[in-house]
Amino acid sequence: ILDASIAYLRALTKEDKIAVLYDDDGDGLSAAASTIIGIMRMRGKPPEVLETFTHSTSYIDPALPDKLKAAGVTKLITVDRVLDQMPVDFLKRLEGVCPVLVIDHHKIYNTHSSSRFMMIKPHMVWETEPSSFPTAILAYTLFSCVVDLSDKDWLPCIGITSDSSYPRWKAFVDASSQKWNLPAVEKDPFVAPFGIMSNMIFCTQILSSCQLPEFLDLLVDAEHPNEILSSGFRALV
């Protein structure tokens, strides 16, 4: 699964029309940022289609395959969404439109796979508890196997903290804090910088959800985590 997922990423080209669909919570948004940056560094331009999931009574829009086909999408990457919760016939319709890579950390609902539908979750690769292995660190790890993301190592720290996984990833988060000259976590990770950033995303979700794409752009473009902390989104916390 790991090798196949990396091969999928390596096969992305400038000619592809790539769609990235993501969840817009702290984990999903930071995972999406690593995904977008990885794609940009691989082929010199961002995904052509970038959207949060359209929610419906079916959890995921049943018309999604038709919408992707109409948009001419040739590759689909989903981030932090339980796509395998959908019926197998939906997944087959989706892979009929374009090859799919699902990057997620939730429980496994079905094991559908084919040459055009790949799903990677941490517990499919490593013996691990998925709730403590956020999608943000999974996406960062995957793309780091293809391009250098070391200057963005602070991005998964937001998702890690947001998903209350700091105890497991303490060494990683603490090293990033030190690297970027941020105050270290003392007792509560949510009052340290990465926790503040995760709260900024949460408050934006609640108070100004229309600005979440702008927040994602900020995560992608920022060269230092202080750019997030000093942004106007801080006023929402």
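How are α2 and α10 oriented to each other? The model is predicted, with local features needing pLDDT of at least 70 and side-chain atom pairs counting only at pLDDT 80 or more, while totals for chains, interfaces and linings use all residues. Residues are numbered from 1 along each chain as its sequence is written, and side-chain values use heavy atoms, without hydrogens and water.

The axes of helix α2 (residues 26–43) and helix α10 (residues 212–221) cross at roughly 55° and come within 9 Å. Axes are lines fitted to C-alpha atoms, for helices over the stretch in contact, with angles from 0 to 180 degrees between N-to-C directions. The two helices, α2 and α10, are therefore oblique to each other; angles under 35 degrees count as roughly parallel, over 145 as roughly antiparallel, 65 to 115 as roughly perpendicular and the rest as oblique. Contact means heavy atoms within 4.5 Å. By class, this contact of α2 with α10 has 11 nonpolar, 1 polar and no charged residues.

The sheet comes next. Its 5 strands are parallel and form an open sheet in the order β2-β1-β3-β4-β5. Strands pair if DSSP finds at least two bridges between them. At the edges are β2 (49–52) and β5 (117–120), each pairing on one side only.

Strand β3 (residues 75–79) holds T78. T78 counts as buried, at 0% relative accessibility; buried means under 20% relative accessible area, with a 1.4 Å probe and protein chains only. Beyond its neighbours within four places in sequence, T78 contacts L21, F53, L83, L101, V102 and I103.

Technical notes: Helix = DSSP H or I, 4+ residues; strand = E, 2+ residues; numbered from the N terminus. Nonpolar A, V, L, I, M, F, W, Y, C, P; charged D, E, K, R; others polar. Buried < 20%, exposed > 50% of the residue type's maximum accessible area, 1.4 Å probe, protein only.
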